Amino acid sequence: MHISAKADYATRALLELARAPEQPLTCEAIADAQGIPFRFLKSVVGELRRAGLVRSQRGCVGGYWLGVPADTITLLDVTRAVDGELITLRGEPLSGLGYSGAARGLPGVWRQIEADAAAVLGGVTVAALLAEADGGVDPVPAQGVA
């Protein structure tokens, strides 16, 4: 599975916003704090805004805030907001994938990988990641190893 730079940057930006939810942050401040290229971050934050995960205000006291509480934003929400489908095959969603003959079972494996990844990402919130960064518990629930 490939984790895009957009998903990584988007999550890091949301973590910065969650750390100080009472005040707006500019893209410049987020980019500086996280070492993210400013121009790239600007487009990523725009996608997060369109998804409702952040809100913005222009002007002297403007900037970005979380659009919803940090404990309701999962990594799955973030990934889907900036990348769309979680896993694709040659750019196409897995939902309509079907093979014949010897490869008939393969689409089910790809779909299971997608479901497992969605379960892990859907189980981790921005708030849990922030708590872990502040010395709390591991935000990823224990998973059985096959």
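This is a predicted model: local features need pLDDT of at least 70, side-chain atom pairs count only at pLDDT 80 or more; totals for chains, interfaces and linings use all residues.
**View 1. The whole chain, for orientation.** The protein has six helices and four strands (DSSP runs numbered from the N terminus: H or I of at least four residues for helices, E of at least two for strands). Along the sequence they come as α-α-α-β-β-α-β-β-α-α. The C-alpha atoms fill a box of roughly 65 × 30 × 25 Å along the principal axes. Of the 146 residues, 36% count as buried (buried is under 20% relative accessible area, exposed over 50%, partly exposed in between, with a 1.4 Å probe and protein chains only).

View 2. Strand β1 (residues 54-57) runs antiparallel to strand β2 (residues 63-66), with four bridges between them (strands pair if DSSP finds at least two bridges). Look for R55 with its bridge partner W65 in β2, and for S56 opposite Y64. In a regular strand, side chains alternate between the two faces of the sheet.

**View 3. A positive patch.** K42, R49, R50 and R58 make up a positive surface patch (patch residues have over 30% relative accessible area and no salt bridge, with like charges joined within 9 Å; a salt bridge is a side-chain nitrogen of Lys or Arg within 4 Å of a carboxyl oxygen of Asp or Glu). Charges are placed at NZ of Lys and CZ of Arg. K42 belongs to helix α3 (residues 38-50), and it counts as partly exposed because its relative accessibility is 40%.

**View 4. G108 in helix α5.** G108 lies in helix α5 (residues 106-122). With a relative accessible area of 39%, G108 is partly exposed. From V61, G108 is 47 residues away in sequence and 51 Å away in space, C-alpha to C-alpha.

Note on methods
Residues are numbered from 1 along each chain as its sequence is written. Side-chain values use heavy atoms; hydrogens and water are left out. Patches are made of residues with over 30% relative accessible area and no salt bridge: like charges are joined within 9 Å, nonpolar side chains (Val, Leu, Ile, Met, Phe, Trp, Tyr) within 5 Å. Accessible areas come from the Shrake-Rupley method with a 1.4 Å probe; for residues, only the protein chains shown count as cover. Lys and Arg count as positive and Asp and Glu as negative; His and the chain ends are not counted.
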